[in-house]
There are 2 protein chains.
Amino acid sequence: MGSAALKKLRQQRLQAVLAKNPFLTDENLAEQFEVSIQTIRLDRMAMGISELRERTRYMAENAQKKLQAIASDDIVGELIDLEIGVSGISMMTVNKEMVLQKTGVCRGQYMFAQANSLALAVIDAPAALTGVANVKYKIPVYSGAVLVARAEVVRKQEDKYTIWVKIRNNRKEVFRAKFLIVSLPEERNQENENRG
Amino acid sequence: MGSAALKKLRQQRLQAVLAKNPFLTDENLAEQFEVSIQTIRLDRMAMGISELRERTRYMAENAQKKLQAIASDDIVGELIDLEIGVSGISMMTVNKEMVLQKTGVCRGQYMFAQANSLALAVIDAPAALTGVANVKYKIPVYSGAVLVARAEVVRKQEDKYTIWVKIRNNRKEVFRAKFLIVSLPEERNQENENRG
DNA sequence: CAACTGTTATGACTAGGTACTAAAAGTAGG
DNA sequence: CCTACTTTTAGTACCTAGTCATAACAGTTG
């Protein structure tokens, strides 16, 4: 094998190693690959891989954003259209972190979350709670699917709303849910407590 | 005001500022607080706050772990007990990232996720899919609540399971769901595709 | 005034690099 | 075998964002 081929192989391995563990210094990598630090640096240059500190900073910022996106966004998916009190549409792309390891099928909770949060967004109220949900999964969905959810208010009685949400992937209906949601008049806010 | 009091105030503000934005150098902080870099360093020493690079690294590692915990765990919550094909118990603590900003109430999707993943875990099958779910939220749950979910298989007909899941907080039932789950015989794995 | 706390300054050192130059080592082609 | 070329290694100066230790101020108080 020529040294040019060895070089390419090493650079690819370097990329793979850093993808798995980005917290490695050039010195660590030099030991691991049994070459000099300079070679590692040339390889990083060639592959456009930034230095340890930048990698770490990027990871910290990025993971932070992702966490916030997952945890603190009240709407799961991207809100495309919203007519308050009437209907709403949101979009969500299934990625490989959202699927079950065994089957590769998207976990039901993600579709549920998209549907439920869209239903809550449609309600014309300062605060609302899900009371009852009837859910049906029609077709399994895999990584890469672009899910379009459409929510419609079908009935409103005083503070109780009935909302239908249908999720389509590639125009086929994959999920359907009926939510009974109660809107809160902002009075009873946190009288409830959660003791041990 | 004595300078000792000023010092304490500055140190507390320092801690607060770094809690909000950990990506600040001592130089940045010195400008912001209109003191010298050395003062900032003495303050960090006094408060036991590590340097920028360590803070960044800690955040990167920690957020990474959290992301993995949220995204790639198939079971939401901690599995306490499991009798395959019969019943299972899991525990989950509601934290402040899991509640709606407006009301402080835990988002329904988390309870749904806990219940659904527990139900899937109980099934004695290599792979299973949720078909239908009937869900009822009985009492709103707030941050700090320790949710105990108990799943029970109430019927089994061929590959179709009916599973009841009840979630209690402090012995009061806050959530209840019935799942109809279909177990897959591992044959039809990924014949479905997701185009566009 | 001396003692003390708080703040700032200074110098020497560190990790983990960048940017650049130079040299050695390996690998062909003629 | 010698030359041309690529690859690898070495070494220097410099950078950031610190560390640690020492010293010198400033302001207050007993």
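Me: Where in chain B is B:E158?
Reply: This is a predicted model. In chain B, β4 covers 146–157 and β5 covers 160–169. B:E158 sits in the loop between β4 and β5 of chain B.

Me: Is B:E158 buried or exposed?
Reply: The cut-off for exposed is over 50% relative accessible area. B:E158 has 74%, so B:E158 is exposed.

Me: What is the phi of B:E158?
Reply: Most residues other than glycine have a negative phi. B:E158 is not a glycine, yet its phi is positive. The value for B:E158 is about 55°.

Me: In chain A, which residue of the hairpin of β4(A) and β5(A) takes a positive phi?
Reply: The strands β4(A) and β5(A) run antiparallel. Their hairpin has 2 residues between the strands. The phi there is near 55°, and the residue is A:E158.

Me: How many bridges join β4(A) to β5(A)?
Reply: Strands of a sheet pair through backbone hydrogen bonds, either parallel or antiparallel. One bridge pair here is A:R150 with A:K166 in β5(A). The number of bridges joining β4(A) to β5(A) is 10.

Me: Which residue of β4(A) stands opposite A:S90?
Reply: β4(A) spans residues 146–157 and pairs with β2(A) in the antiparallel sense. That pairing runs over 7 bridges. Opposite A:S90 stands A:A149.

Me: Which residue in β2(A) is the bridge partner of A:D81?
Reply: β2(A) covers residues 87–93 and pairs with β1(A). The pairing is antiparallel, over 5 bridges. The partner of A:D81 is A:I89.

Me: What phi does A:G85 take in the hairpin of β1(A) and β2(A)?
Reply: This hairpin has 3 residues between the strands. A:G85 takes a positive phi, near 85°.

Me: How many strands form the open sheet?
Reply: The order is β1(A)-β2(A)-β4(A)-β5(A)-β6(A)-β3(A)-β3(B)-β6(B)-β5(B)-β4(B)-β2(B)-β1(B), with antiparallel pairing. The edge strands, which pair on one side only, are β1 (78–83) of chain A and β1 (78–83) of chain B. From one strand to the next, the twist averages 20°. The strand count for this open sheet is 12.

Me: Which residue in β3(B) does A:A133 stand opposite?
Reply: β3 of chain A and β3 of chain B, residues 127–137 in each, pair in the antiparallel sense. Opposite A:A133 is B:V135.

Me: How many helices and strands does chain A have?
Reply: From the N terminus, the elements run α-α-α-α-β-β-α-β-β-β-β. Chain A has 196 residues, of which 42% count as buried. Its elements are 5 helices and 6 strands.

Me: Is A:W164 buried, partly exposed or exposed?
Reply: A:W164 lies in β5 (residues 160–169) of chain A. A:F179 is 15 residues away in sequence but 6.4 Å away in space, C-alpha to C-alpha. Buried means under 20% relative accessible area, and exposed means over 50%. A:W164 has 30%, so A:W164 is partly exposed.

Me: Where is A:E34, and what is its relative accessible area?
Reply: A:E34 lies in the loop between α2 (26–33) and α3 (37–47) of chain A. A:E34 is not a glycine, but has a positive phi of about 55°. A:E34 is exposed, and its relative accessible area is 72%.

Me: Why do the buried residues of α2(B) line one face of the helix?
Reply: The buried residues of α2 (residues 26–33) of chain B are B:D26, B:L29, B:A30 and B:F33. An α-helix has 3.6 residues a turn, so residues three or four places apart point the same way. Seen down the axis of α2(B), the buried residues line one face because they fall within an arc of 105°.

Me: Which residue just after α2(B) takes a positive phi?
Reply: The phi in question is about 55°. The residue is B:E34.

Me: Which helix gives the most residues to the lining of the second largest pocket?
Reply: About 370 Å³ of space lies in this pocket. Of its 14 lining residues, the closest to its centre are A:R53, B:L52, B:R53, B:E54 and B:T56. At least two lining residues each come from α4 (52–71) of chain A, and from α3 (37–47) and α4 (52–72) of chain B. With 5 residues, the top contributor is α4(B).

Me: How many residues of the lining of the second largest pocket are charged?
Reply: The lining includes 2 nonpolar and 3 polar residues. The charged residues number 9.

Notes:
Residues are numbered from 1 along each chain as its sequence is written. Chains are lettered from A and ligands numbered from 1 in the order in which they are written. This is a predicted model: local features need pLDDT of at least 70, side-chain atom pairs count only at pLDDT 80 or more; totals for chains, interfaces and linings use all residues. Side-chain values use heavy atoms; hydrogens and water are left out. On a 1 Å grid over the protein atoms alone, a cavity is a set of points where a 1.4 Å probe fits but cannot get out, and a pocket is an open set with protein on both sides within 12 Å along at least five of seven lines; lining residues have an atom within 4 Å of a point. Grid points are joined across faces, edges and corners, and a volume is the space filled by probe spheres set on the points. Helices (H or I, at least four residues) and strands (E, at least two) are DSSP runs, numbered from the N terminus. Ala, Val, Leu, Ile, Met, Phe, Trp, Tyr, Cys and Pro count as nonpolar, Asp, Glu, Lys and Arg as charged, and the others, Gly among them, as polar. Two strands pair if DSSP finds at least two bridges between them. Axes are lines fitted to C-alpha atoms, for helices over the stretch in contact, and angles run from 0 to 180 degrees between N-to-C directions. Buried means under 20% relative accessible area, exposed over 50%, partly exposed in between (1.4 Å probe, protein chains only). The arc is that of the directions from the helix axis to the C-beta atoms.
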